[in-house]
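Please open the structure in your viewer and keep the selection tool at hand.

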Amino acid sequence: MTLDLSALVLPDRHPVSTFLADVQEAERAGVRAVWTYDHLTWPLLADGPWYGAVPLLAAAAVVTDRVRLGTQVASPNFRHPVPFAKELMTLDQLSGGRLELGVGVGTEGPDALVLGEPPRSRRERADRFGEWLGLLDQLLREPVVTAHGEFYDAVDAHQLPGCVQQPRLPFTVAATGPKALRLAARHGQAWVTYGPFGAAVEPGEWFTAVADQSARLTEALAEEGRAPGDVRRTVQFGLEMYWPFESAERYADTLGRLAEAGVAEVSVHWPRPDGRGLPPAALPLVAAAHGL
């Protein structure tokens with residue numbers, strides 16, 4: 001089994017033309033999709049340039065032809081479903097049906113505090129995400145929506161002409177905990193994980209955690225009456241995760257072990273001037289391993 005490859009280009013590339021050049025380079029390399037982070041800022045790179053995901057993806061849509069484009073991941077931290085759905089529908093139209101939406105609960109960092117809202121418990125954040133995702137699903141499927149919830153309302157929200165992709169553009173749900181995995185099983189066409197959170201872990205522990213998460217997704221899918229293959233599984237390598245690229249043999253072994261866990265795609269941070277992400281020297285072995 002040959003796993004697909006996608007690339008993550010951070011929205012800190014300055015000037016913006018550099019971001020677009022990276023997206024075009026990734027498309028020429030043959031990746032399936034290009035993602036970008038949907039944050040207002042990111043603590044690791046907080047003191048440098050950082051652009052908005054939606055306008056960047058709009059620009060990328062008009063300078064590419066084939067590659068799929070998406071967020072990894074959008075969250076309720078600063079996005080209301082009604083205006084966000086309108087932007088997503090417009091992006092799907094602009095890209096000719098190449099948009100994929102990566103979504104997640106969102107971190108507890110700056111994006112959760114930037115609008116001045118009080119901190120929320122993990123349970124509140126999970127409940128809010130469930131309602132947010134459900135309303136976003138409805139808004140992108142139906143031409144006109146009125147809905148009232150605990151966190152969000154929509155009143156006569158028009159969504160015309162709707163998505164190119166029907167019944168709506170696909171969702172990639174980031175999930176590791178029980179509630180989020182259930183939402184991925186209910187609403188997702190794909191699932192993405194970084195593996196275990198927290199400090200760096202040994203490769204063996206990392207593989208075990210990914211396999212466990214994938215197995216729990218399979219259980220959640222069964223509870224929703226869906227088959228294991230109904231949701232595409234993606235693993236994102238961290239920005240400073242270098243060990244998979246130490247050699248062609250190490251990378252091939254990594255892909256093989258992920259395939260055994262049901263993973264269909266890996267996502268890498270595209271090579272960066274600061275040296276983080278996929279090492280430029282490793283790009284040929286990565287491309288060869290994916291048949292590109």
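Predicted model: local features only at pLDDT ≥ 70, side-chain atom pairs only at ≥ 80, totals over all residues.

Helix H2 covers residues 53–63, and helix H3 covers residues 81–94.

**The geometry of the pair**

Two packed helices are described by the angle between their axes and the distance between the axes. How do the axes of H2 and H3 cross, and within what distance do they come? They come within 9 Å and cross at roughly 10°. Angles under 35 degrees count as roughly parallel, and H2 and H3 are therefore roughly parallel to each other. The crossing of H2 and H3 is left-handed.

**The two sides of H2**

Next, select Ala53, Val54, Leu56, Leu57, Ala60 and Ala61, which are the buried residues of H2. Look down the axis of H2: these buried residues fall within an arc of 160°, so they line one face of the helix. Now select Pro55 and Val62; these exposed residues are carried by the face of H2 that is turned away from its buried side.

What covers the buried residues of H2? The cover includes helix H1 (16–29) and helix H3, as well as strands E2 (33–36), E3 (68–74) and E4 (99–103).

**The barrel**

Select the strands in the order E1-E2-E3-E4-E7-E8-E9-E10: these eight strands form a closed barrel with parallel pairing. On average, neighbouring strands of this sheet are turned by 25° against each other, direction ignored.

Follow part of the barrel from strand to strand. E4 and E7 run parallel and are joined by three bridges. Select Leu101 to find Phe171 of E7 standing opposite. E7 and E8 also run parallel, with three bridges between them; here, Val173 has Trp191 in E8 as its bridge partner.

Continue to E8 (residues 190–193) and E9 (residues 232–236), which pair in the parallel sense over four bridges. Select Thr193, and its bridge partner in E9 is Val235.

**Helices packed on the sheet**

Finally, select helix H6 (residues 178–187), which packs on the sheet and touches E7 (171–174) and E8. The direction of H6 makes about 170° with that of E7. Helix H7 (residues 203–223) likewise packs on the sheet, where E8 and E9 are the strands touched. The direction of H7 makes about 155° with that of E9.

Methods:
Residues numbered from 1 in each chain as written. Heavy atoms only, no water. Pairing = 2+ DSSP bridges. Axes fitted to C-alpha atoms, helices over the stretch in contact; angles between N-to-C directions. Contact = heavy atoms within 4.5 Å. Buried < 20%, exposed > 50% of the residue type's maximum accessible area, 1.4 Å probe, protein only. Arc of directions from axis to C-beta. Parallel < 35°, antiparallel > 145°, perpendicular 65-115°, else oblique. Left-handed = near helix turned anticlockwise from the far one by under 90°.
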